[in-house]
Amino acid sequence: MRYMFSFPEKCYVHADFEIHSEFSLEDTAEKLQRIFQTEKFVDDYSYDEYPAFSSVVGGVKIALLGIPPVDLQVTDEPVDTYQIIVRNVSMDEGNNFDVSSLMIEEITASRLLKCI
């Protein structure tokens with residue numbers, strides 16, 4: 001919902017959590033667009049080995065990171081989930097707002113995707 005992305009001018013908004021990868025990355029991006037009523041998610045090549053889509057709403061960037069190729073994964077456990085990363089477009093200092101739990105609640109309530 002758009003209200004989630006209305007914050008005072010001087011604040012730092014962030015989130016970082018995982019969702020199940022039961023749909024393609026593109027389908028998952030479309031579902032996030034519906035849930036958060038954002039502009040269309042577009043290909044985002046700024047996350048190195050991660051395929052990604054992102055959208056900006058209210059000065060906040062929502063990035064959906066996919067699963068990198070196995071040969072580029074750097075963890076001992078294979079990556080098999082998508083990651084959501086939210087950050088301010090401009091890195092304003094000020095109050096710190098972690099919106100992870102709010103976003104997880106919205107995603108869960110929509111029943112379109114499953115968070116981990």
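This is a predicted model: local features need pLDDT of at least 70, side-chain atom pairs count only at pLDDT 80 or more; totals for chains, interfaces and linings use all residues.
Mentor: Start where helix 2 stops: Arg 111 follows helix 2 and has a positive phi, near 65°.

Trainee: What elements does the protein have, and in which order do they run?

Mentor: The protein has two helices and six strands. From the N terminus on, the order is β-α-β-β-β-β-β-α.

Trainee: How are the strands arranged in the sheet?

Mentor: The six strands form an open sheet in the order 2-3-4-5-1-6, with mixed pairing.

Trainee: Why do strand 2 and strand 6 count as edges?

Mentor: Strand 2 (42-43) and strand 6 (95-98) have a single partner strand each, so one side of each lacks a neighbour in the sheet.

Trainee: How do you know that strand 1 and strand 6 pair?

Mentor: Pairing needs at least two bridges. Strand 1 and strand 6 are joined by four, and they run parallel. Val 13 stands opposite Phe 97 of strand 6.

Trainee: What joins strand 1 to strand 5, and in which sense do they run?

Mentor: Seven bridges join them, and the sense is antiparallel. Phe 17 has Ile 84 of strand 5 as its bridge partner.

Trainee: How many bridges link strand 4 and strand 5?

Mentor: Six bridges link strand 4 (residues 60-65) to strand 5 (residues 81-88), again with an antiparallel sense. Ile 62 stands opposite Val 86 of strand 5.

Trainee: Where do the helices lie on the sheet?

Mentor: Helix 1 (residues 25-36) lies across strand 1 (11-20), strand 3 (52-57), strand 4 and strand 5. Helix 1 runs at about 150° to strand 4. Helix 2 (residues 100-110) packs on the sheet too, touching strand 1, strand 4, strand 5 and strand 6. The direction of helix 2 makes about 45° with that of strand 1.

Trainee: Why are helix 1 and helix 2 called roughly perpendicular?

Mentor: Their packing angle is about 105°, with the axes 10 Å apart. The range for roughly perpendicular is 65 to 115 degrees. Helix 1 and helix 2 are therefore roughly perpendicular to each other.

Trainee: Which residues make that contact?

Mentor: Helix 1 gives Leu 32, Ile 35 and Phe 36, and helix 2 gives Met 103, Glu 106, Ile 107 and Ser 110. By class, five are nonpolar, one is polar and one is charged.

Trainee: What puts the buried residues of helix 2 on the same side?

Mentor: The buried ones are Ser 100, Met 103, Glu 106 and Ile 107. They cover an arc of only 130° around the axis, so they fall on the same side of helix 2. The buried residues of helix 2 pack against strand 1, helix 1, strand 4, strand 5 and strand 6. Glu 105 and Ala 109 are exposed, on the other side of helix 2.

Trainee: Why is Thr 28 called buried?

Mentor: Buried means under 20% relative accessible area. Thr 28 has 0%, so Thr 28 is buried. Thr 28 is found in helix 1. Leaving out residues up to four places away in sequence, Thr 28 touches Ile 19, Phe 23, Leu 64, Tyr 82 and Leu 113.

Trainee: What share of the protein counts as buried?

Mentor: The share is 39% of the 116 residues.

Trainee: What share of the contacts with a separation of 6 or more joins residues 24 or more positions apart?

Mentor: In the protein, that share is 65%.

Definitions and conventions: Residues are numbered from 1 along each chain as its sequence is written. Side-chain values use heavy atoms; hydrogens and water are left out. Contact means heavy atoms within 4.5 Å. Axes are lines fitted to C-alpha atoms, for helices over the stretch in contact, and angles run from 0 to 180 degrees between N-to-C directions. Angles under 35 degrees count as roughly parallel, over 145 as roughly antiparallel, 65 to 115 as roughly perpendicular and the rest as oblique. Ala, Val, Leu, Ile, Met, Phe, Trp, Tyr, Cys and Pro count as nonpolar, Asp, Glu, Lys and Arg as charged, and the others, Gly among them, as polar. Buried means under 20% relative accessible area, exposed over 50%, partly exposed in between (1.4 Å probe, protein chains only). The arc is that of the directions from the helix axis to the C-beta atoms.
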